[in-house]
Amino acid sequence: MEKELEKKLLIDVARLDPEGEELEGEVDIVDLDEPYVKPFGGVRYRLTAQLFGTELLVRGHLEQDFDLVCSRCGEDFDTTIEVDDFTVSVEISEKDQWADLTTDARESIILALPTYPVCAEDCPGIVQKAERPADERWGALDGLKVK
Ligand SMILES: [Zn+2]
């Protein structure tokens, strides 16, 4: 039986190891109503969480699989959007049991989406190879393997 994914990325602050903790999992938090940007599966995370006084510092890696539409040829393709430097700090009060990182994580993933997705670096496009736009975010796709 497939396990239902949590809809929130929560850190159990009350039970967090004072030395810091490695947290891993998958949560279903990216829900877009976009015909050309379809997430599937959940956000997989590998995070380190540590309390410094009343400040919770969390950093690590996030990734989410998407079905995107190539901006050159118009075909669907699957890709993984990764965030290597996810960092968030949350002010915690004594009575807080949980820190909710759902919004931060969701926004980081969405910001990492390419403006002009391409199915392959050498995608010829529909008519002819388009000029490479001067958008740095294209670089994020360079290292990705397209299934
Ligand atoms: Zn293409």
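Leu62 is placed in strand β4, a strand being a DSSP run of E with at least two residues, a helix a run of H or I with at least four, both numbered from the N terminus. At 0% relative accessibility, Leu62 counts as buried, the term denoting under 20% relative accessible area, with exposed meaning over 50% and partly exposed the range in between (1.4 Å probe, protein chains only). The model is predicted: local features require pLDDT of at least 70 and side-chain atom pairs pLDDT 80 or more, while totals for chains, interfaces and linings use all residues. Residues are numbered from 1 along each chain as its sequence is written, and side-chain values use heavy atoms, with hydrogens and water left out.

**Overall fold**

- The protein chain contains two helices and six strands.
- Along the sequence, these elements follow the pattern β-β-β-β-β-β-α-α.
- Of the 147 residues of the protein chain, 37% count as buried.

**Strand β4 and its neighbours**

- Strand β4 is largely enclosed by the rest of the structure, because twelve of its 15 residues are buried.
- Strand β3 (residues 37–52) pairs with β4 in the antiparallel sense over 13 bridges, where pairing requires that DSSP finds at least two bridges between two strands.
- Within this pairing, Val37 stands opposite Leu68 in β4, and Ala49 has Val58 in β4 as its bridge partner.
- Two residues lie between the strands in the hairpin of β3 and β4, where Gly53 adopts a positive phi near 65°.
- On pairing with β5, β4 again runs in the antiparallel sense, over 14 bridges.
- Leu62 has Val83 in β5 as its bridge partner.
- The hairpin of β4 and β5 has six residues between the strands, and Gly74 takes a positive phi near 80° there.
- Strands β2 and β3 run antiparallel and are joined by seven bridges, with Leu23 opposite Leu47 in β3.

**Individual positions and contacts along the chain**

- The C-alpha atoms of Leu62 and Gly25 are separated by 9.9 Å, the two residues being 37 residues apart along the chain.
- Leu57 also lies in strand β4, and counts as partly exposed because its relative accessibility is 24%.
- A separation of 9.4 Å is found between the C-alpha atoms of Leu57 and Gly20, which are 37 residues apart along the chain.
- Glu107 belongs to helix α1, and its relative accessibility of 48% makes it count as partly exposed.
- The C-alpha atoms of Glu107 and Val30 are 8.7 Å from each other, although these residues are 77 residues apart along the chain.

**Zinc site**

- Cys70 (SG), Cys73 (SG), Cys119 (SG) and Cys123 (SG) coordinate the zinc ion at 2.3 Å; donors are N, O and S atoms within 2.8 Å of the metal (3.2 Å for Na, K and Ca), and sites may look incomplete since water is not among the atoms.
- The arrangement is tetrahedral because the four donor atoms subtend angles of 105 to 114° around the zinc ion.
- Four donors count as tetrahedral if all angles lie between 85 and 135 degrees; four count as square planar and six as octahedral if opposite donors are over 155 degrees apart and all others between 65 and 115, and anything else is irregular.
- Along the chain, the donors follow the spacing C-x2-C-x45-C-x3-C.
- Distant parts of the chain are linked by the pair Cys70, in the loop between β4 (55–69) and β5 (76–91), and Cys119, in the loop between α1 (102–111) and α2 (139–142), which are 49 residues apart.
- Cys70 and Cys119 are both buried.

**Second largest pocket**

- The second largest pocket holds about 180 Å³ of space, a volume being the space filled by probe spheres set on grid points joined across faces, edges and corners.
- On a 1 Å grid over the protein atoms alone, a pocket is an open set of points with protein on both sides within 12 Å along at least five of seven lines, whereas in a cavity a 1.4 Å probe fits but cannot get out; lining residues have an atom within 4 Å of a point.
- Among the residues lining this pocket are Lys3, Glu4, Leu5, Gly25, Val27 and Tyr45.
- Strand β2 (residues 21–27) supplies the largest share of the lining, three residues.
- The lining divides into five nonpolar, one polar and five charged residues, where Ala, Val, Leu, Ile, Met, Phe, Trp, Tyr, Cys and Pro count as nonpolar, Asp, Glu, Lys and Arg as charged, and the others, Gly among them, as polar.
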